[in-house]
Amino acid sequence: MAAPSFVIDVDYEQPAAGAGAACDTRHAWARVPPEPSPGERSALKERIRRLLRERNAVMVSHFYVHPDLQDLAEETGGIVSDSLEMARFGRDHEAQTLVVSGVRFMGETAKILSPEKRVLMPDLDANCSLDLGCPVDEFSAFCDRHPDRTVVVYANTSAAVKARADWLVTSSCALDVVSALHAQGRKILWGPDRHLGDYIQRQTGADMVSWNGACIVHDEFKALELELLKKAHPAAKVLVHPESPADVIALADAVGSTSAILNAAQRLDASEFIVATDTGMLHKLRTLNPGKTFIEAPTAGNGGTCKSCAHCPWMAMNGLVELANALETGAGEIHVDPALGLRARVPIDRMLAFTAGLKNGQAPGSLVAGIGAA
């Protein structure tokens, strides 16, 4: 009989709605898999390796999931990355089954890009506060009130919301895409993360209206407590994900996606870093930088609730037992309606073509030419 999973209740205050946008996610929950013993962990990893070979499957893991799932992905020829590279890798890999360790929108994106492949997740209930807080009906109504705007949505959204968008972006390419659209005189409708949208607007000067969503993890970082931590570690550099509040971003030495944070930790001349993103990221930071010290940015303190304690409760639902069961039984298979998937793929393909073009030296303007409001 399987060991029972624990249940975490994560209540958090709903942000005040603004500009007609709403975020109706009031209650989040997650089942946390029990930690296997060392012997169980070893046996589970060997079982998963065997099943990956037998099922012609490859693992795609996000930086925020358990270190076991990050290490196992790399040990078996898969990848650990941000959502943009996860999308590319899953599309281009020859394996006929993709095992996505992360949250549900990542599995949906993999299925949209590879409809002919089987996509499995350790737990289909592993969700995202940004996704849950952006229901497609309300978001579509918001878009309908601004028909002259180009709809740009963050990857942390459902397939249905992606299907309503002109562009999809991740935190690693959002600035480039919005900058290119702004240079062509496009007005932007952004969703769903208000902090990331605000950061992009400040950086680009684009005319933007934004949905009012937030990440349950990054919304909790506290500038006052971060300032106190900086005083205690005056030589430390501060690395911040742009889903964080503006006053936290203002204290950063580097702001960017998970991949950008990894690069900054290797590039900046410092031996100590304070990191404002999900604590799952610390595993890869410490692995790649063994001589450096990484400190969690504070979520507690004045005004703190520690609703997430800097780790996504849904990311924590990914475990070795659940992964092995998905491979063994097919539980946790992602399904996306084919017609919806075709519509959702349009903005995803635009993003992938845009980022590939930038990498190849193409001018940003040429990559967004003629693509405006739907």
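1. C128 counts as buried, at 10% relative accessibility; buried means under 20% relative accessible area, exposed over 50%, partly exposed in between (1.4 Å probe, protein chains only). The closest cysteine sulfur to that of C128 belongs to C215 and lies 6.5 Å off, too far for a bond. C134 is in no disulfide either, the nearest cysteine sulfur being that of C143, 8.0 Å away. C134 is buried too, its relative accessible area being 2%.

2. With a disulfide taken as a pair of cysteine sulfur atoms within 2.5 Å, the count is zero.

3. This is a predicted model: local features need pLDDT of at least 70 and side-chain atom pairs count only at pLDDT 80 or more, while totals for chains, interfaces and linings use all residues. Residues are numbered from 1 along each chain as its sequence is written, and side-chain values use heavy atoms, with hydrogens and water left out.

4. Leaving aside residues up to four places away in sequence, W190 touches residues including V152, Y154, I200 and W211; contact means heavy atoms within 4.5 Å.

5. Helix 14 spans residues 320–329, and L320, E322, L323, A324, A326 and L327 in it are buried. Helices here are DSSP runs (H or I, at least four residues), as are strands (E, at least two), numbered from the N terminus. Helix 1 (38–54) and strand 3 (57–62) are among the elements covering the buried residues of helix 14. G330 follows helix 14 and has a positive phi, near 85°.
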